[in-house]
Amino acid sequence: HESKSNSLLKFLLLFLITLTVVAFVSWLILTKQSSQTVNTKSNSINSSSPTVLSVNGRYLFNGTIFWGRAIEKWSQNSDGTYDYVHPFSQLKTFDRDKYDAWVADLECPVLDINIPYQVQADQLNFNCRPEFLHEAVKYFNVIDLANNHSGDQGLDGYNKTRQAVIKAGAQTFGHYDPSLIDDTCQVIVLPVRLEMSDNKQKTSSLPVAFCAWHYFYRTPAPGEIEVMKKYAKSMPVFAFVHMGQEYLTNATPIQQDIARQVIDAGADFVIANNPHWVQNSEVYKNKLIFYSTGNFIFDQIDAEGMRSASVDLKMSVDYGENLRKWLDI
């Protein structure tokens, strides 16, 4: 009788264990199926999400800008206060909203100091008051400082200018001293638009190297232009040179030689300035060289000094895995 009871107990125990195992396995199968159903739905949702078709941008590269000297004087109200909007009051006629970025050559330090009009006029020792910056960066979000006047208040003045521009919300590149090759190129966060498969657009940004040199007083030293090559190997390079004899409508052979060296080193195009007049352009090795875009905002009121040329650049790149990685950066 005791033997039969033990056998029945073992049977019941084995039955319970088997039932528990079956229940656990059934739970695992149901859980996995549920998980697969969720994942399938998730994948289905992802596959129908809009995809990127292309990356696009439109940019306006302008001539020299400046709001010191007579521009500051013309912006003064009768009560001695200043109209900080005045130098930029007509820029709305350029349809700013059509562009993802504006670029310009700022030919003055931006410091909280007062340099009288006559000193700026006679000694060409410039300064642009920082109060105008708030209005300037509404239009110009990338600013070139590689010119002969960005160093008018010395290295400390240049550094403070750069900090002021960045604090105001714009990006800067370029240095007045071309021997400082670590400052020749700056990777700029260039705004772009992603064209989506649902016909909508998303904003993003693309790293692009902006390289600039100031050669008004001398020609390039060995290695100064070549420093750009390491950037050109891996990303687009937009190049800018401050050079050339002032008040001429055609570039000199020296300008042409320097610009072509920059193209040979890997630039996608060259936009130059300094003459304060618009000069000729050329295509060299299928790449644009513009020798002078002239004054965009300046106080020179001769006929040629009031002419300006802006370069309107449109960019469209098919989307791919390599481009995705650059956008992720």
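Modeller: What follows is a conversation about a predicted model, taken pair by pair.

Biologist: How many salt bridges does a search of the whole structure find?

Modeller: A search of the whole structure finds 14 salt bridges, and among the linked residues are Asp112, Arg129 and Glu131, which are joined in a network of salt bridges.

Biologist: What makes the pairing of Asp156 with Lys160 a salt bridge?

Modeller: The closest N and O atoms of Asp156 and Lys160 are 3.2 Å apart, and the label asks for a side-chain nitrogen of Lys or Arg within 4 Å of a carboxyl oxygen of Asp or Glu, so the pair of Asp156 and Lys160 qualifies as a salt bridge. Both residues lie in helix H5 (residues 154-168), 4 residues apart, which is about one turn of the helix.

Biologist: Why are Asp156 and Lys160 called partly exposed?

Modeller: Asp156 has a relative accessibility of 47% and Lys160 one of 44%; since buried means under 20% and exposed means over 50%, both values fall in between, and therefore Asp156 and Lys160 count as partly exposed.

Biologist: How do you know whether Arg218 and Glu224, which meet in a salt bridge, are buried or exposed?

Modeller: The side chains of Arg218 and Glu224 meet at 2.7 Å, N to O, but the two residues carry separate labels: Glu224, at 4% relative accessibility, is buried because its value is under 20%, whereas Arg218, at 33%, is partly exposed.

Biologist: What does the salt bridge between Lys285 and Asp264 tie together?

Modeller: The side chains of Lys285 and Asp264 meet in a salt bridge at 2.8 Å, N to O. Lys285 lies in the loop between strand E9 (281-284) and strand E10 (287-290), while Asp264 lies in helix H7 (residues 253-264), so the pair ties together parts that are 21 residues apart in sequence. Lys285 is called exposed because its relative accessible area of 56% is over 50%, and Asp264, at 43%, counts as partly exposed.

Biologist: Why is His175 called buried?

Modeller: His175, which lies in the loop between strand E4 (171-173) and strand E5 (185-196), has a relative accessible area of 4%, and because this is under 20% the residue counts as buried. Not counting residues up to four places away in sequence, His175 touches several residues, including Leu145, Tyr158, Asp183 and His214.

Notes. Residues numbered from 1 in each chain as written. Predicted model: local features only at pLDDT ≥ 70, side-chain atom pairs only at ≥ 80, totals over all residues. Heavy atoms only, no water. Helix = DSSP H or I, 4+ residues; strand = E, 2+ residues; numbered from the N terminus. Buried < 20%, exposed > 50% of the residue type's maximum accessible area, 1.4 Å probe, protein only. Contact = heavy atoms within 4.5 Å.
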